[in-house]
Amino acid sequence: MALTQSRRSFLHDAGLGLLTFSLAGTQVLLTPRQARARSADLRVLDASEVGILEALGEVLVPGAAEAGIAHFVDQQLSVQPNDCLLMARYMNIEPPYADFYRAGLQAVDELARRLRDTPFPELDEVAAVDIVRGFSNSSPEGWQGPPAPLVYFLLRSDAVDVVYGTVEGFAKMNIPYMPHILPPRNW
Amino acid sequence: MAKDQVDVVIVGAGAAGSVYAAVLAESGKSVRVLEGGPPRRLDDLYSSQIWARRLKWATPHVAESGEHSVWPNFNSGAGFGGAAIHHYGVWPRLHEDDFKIHSRYGRARDWPIEYKDLQPYYDRVQEDVGISGDAEAEIWRPPGAAYPLPPVPVFPHGETLARGFAAMDMQVAPLPLAILTRPYKGRAACIYDGWCDAGCPTGALANPLVVYLPRATQAGAELQADSHVTRVLSNRQGDRVTGVEYADAAGELHELRAEVVVLAAFNIENVRLLLNSAGDKAPDGLANSSGLVGHYVMCHPSVMVFGLFDEELQNHMGVTAGQFLNQDKWQKNGQGEAFGSRQWAIAQAVKPNDFLGIAMSRADLFHKDLQRFMERAVKSMAVMTAITEDQPQRSNRIRLAERRDQYNMPLAHVHYTTSADGLLLWKDVAKDGKAVMAAAGAGEIWNGPQGGQHIMGGTVMGDDRQSSVTNAFAQTHDMENLFIGGTGVFPTSSAVNPTYTLHALALRSAEYMRDNWASLVR
């Protein structure tokens, strides 16, 4: 391609205003992994929701928490639906997508509290896997939220995105990325 | 409200709209293309499955009911290029019997044209676009000129699955693709990196940004992004359209007057516009004297069949569409209980994530089970995808919902349930696919859930104004200066990917408009 890297970076950064995080009031471009490591501000989700999302992401795809699933999802929920990169748009979820995520995360946590008397983020690995298995195929009795299999499918997709769908993820699996236009910042 | 005037206004800058725009602008008409989505350029197309989602529709929301989804977001597009900017470029032709399934089999309805009417346009489009393939090897192919480009190369993934077909006494041929295997008309050849779904920034995979839109703009057509058409305007007598009303990015309404209007905004949006343009003379919507605007929506039932092999397959190499084609079970009747054709596209290049990615092939796996699966599958998973024919049903319908969008326009509501024949074919073809995988030597074999590819119908064409919305030139029966572009005019679905056919239809209709301009203008 004839584009210079600086132009590509400009285009991408402009297009992905999505990747702008706030650090102590300053706007910076970071990957979600970096954003998490540097405790960038969250825009949509609260601390409790982030805790559930990271714990759930880690159960779905190990490494998702550190890869920044919470910051990725949070940032995508803060942009207009037509700019959003979450798989939720493929599943014809009606915007605002944050409603779906909040309700889904709360339902997961309530399920853990009801069945294990423990918030989901505090479950041990075996118990957390068991809880996820329990709602992955059908909505458990008493489930309050969007259809449980849809919550499982979409959050699993987000976790897959941040762990496997990036340049870094390809490299870890030893798959050549072979981009025409490399997506800067991993996305 | 600002007013303006052109010869032709085209709603939608996708596949069909771009063909109309090129033909009409080159004939000297003043053409304006109003696109509801953003302007797109080739250098916007980042190689990323995550990025690729922005190419597809998110709003306005489409409400759905019925037993199945038509996947209105995944199957659509927004912005210059429309859905064709991220399509995979599988370009087989419809077969001769597809046009006459009522006459031949007593099923569904006939098209108002025959294959021979469309063949010259197929031939010309493939020269414009540059299709690769091997016409002789495609033993199922109807008559037509040979492809201008040789087939895509075969990688171990394709070789392995081809062995499975051979072991089952089934034929494969190179997949006919709108993908360049050699430099062609100033465009570069493909490098087989599998990023087709993210949009092809080199232009090796044909999309409107590299084929018809440049021709249109060079001839003077204007492309106007972020212009959301809300109504088609008509005259007092209700027998002609006079232009369109649209909202700009700031929400301000404008009126654009035109001698001819072409709706090429995807079939869901086309129907929404026609129904939302009801008036005193057309209380049920424009061009709807038949009462059929919105009806007979179809979607190809699809299945992905997967297998894990012991050897490495280089499944990341190639193109998203695949390497081989099989249409052995094309014969519409006499092959089991179901009526209709089936098609396999074989050996798709795969990425780890996204809707059709490796991880989603086993959506039931998570945690360490998923990790173990991924480690193996990224090297040795094979995949092939079948689509089957869907039968048109009047009950499958696009209508207006109660709720409204930001422009105070009712949302679209799609009711869809796959036809009984389509469901039977789906089950049958999934079984066939697993047998092929086994014959190819796969260990673990499984298939994905029922998917839906390509939305068709809603403004079907026909000879009879009582039972169709447009005539054979996609010109509405009710209003001679209103044309419909896209798959909405398909009366039946066939079992091939529709983009080639919609191009051929658009070329035929646009040239008809050009050649009969005097009769269309008063």
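Reader: What makes the meeting of the Arg54(B) and Asp83(A) side chains a salt bridge?

Author: The rule asks for a side-chain nitrogen of Lys or Arg within 4 Å of a carboxyl oxygen of Asp or Glu. Arg54(B) and Asp83(A) sit at 3.4 Å, N to O, so the pair passes the cut-off. Between chain B and chain A, the count is four salt bridges.

By the way, this is a predicted model, where local features need pLDDT of at least 70, side-chain atom pairs count only at pLDDT 80 or more, and totals for chains, interfaces and linings use all residues. Residues are numbered from 1 along each chain as its sequence is written, chains are lettered from A and ligands numbered from 1 in the order in which they are written, and side-chain values use heavy atoms, without hydrogens and water.

Reader: How do you know how much area chain B and chain A bury between them?

Author: You take the accessible area (1.4 Å probe) that two parts lose on being put together, summed over both. For chain B and chain A that comes to about 4800 Å², with 60% of it on carbon and sulfur atoms. Arg53(B), Arg54(B) and Phe366(B) supply 17% of the area that chain B buries against chain A, more than any other three residues.

Reader: Why is helix α4 of chain A called mostly covered?

Author: Buried means under 20% relative accessible area (1.4 Å probe, protein chains only). In α4(A), residues 69-77, nine of the nine residues are buried, among them Phe72(A) and Asp74(A). The cover includes β1 (20-23) and α5 (97-116) of chain A. Helices here are DSSP runs (H or I, at least four residues) and strands are too (E, at least two), numbered from the N terminus.

Note on methods: Buried < 20%, exposed > 50% of the residue type's maximum accessible area, 1.4 Å probe, protein only. Contact = heavy atoms within 4.5 Å.
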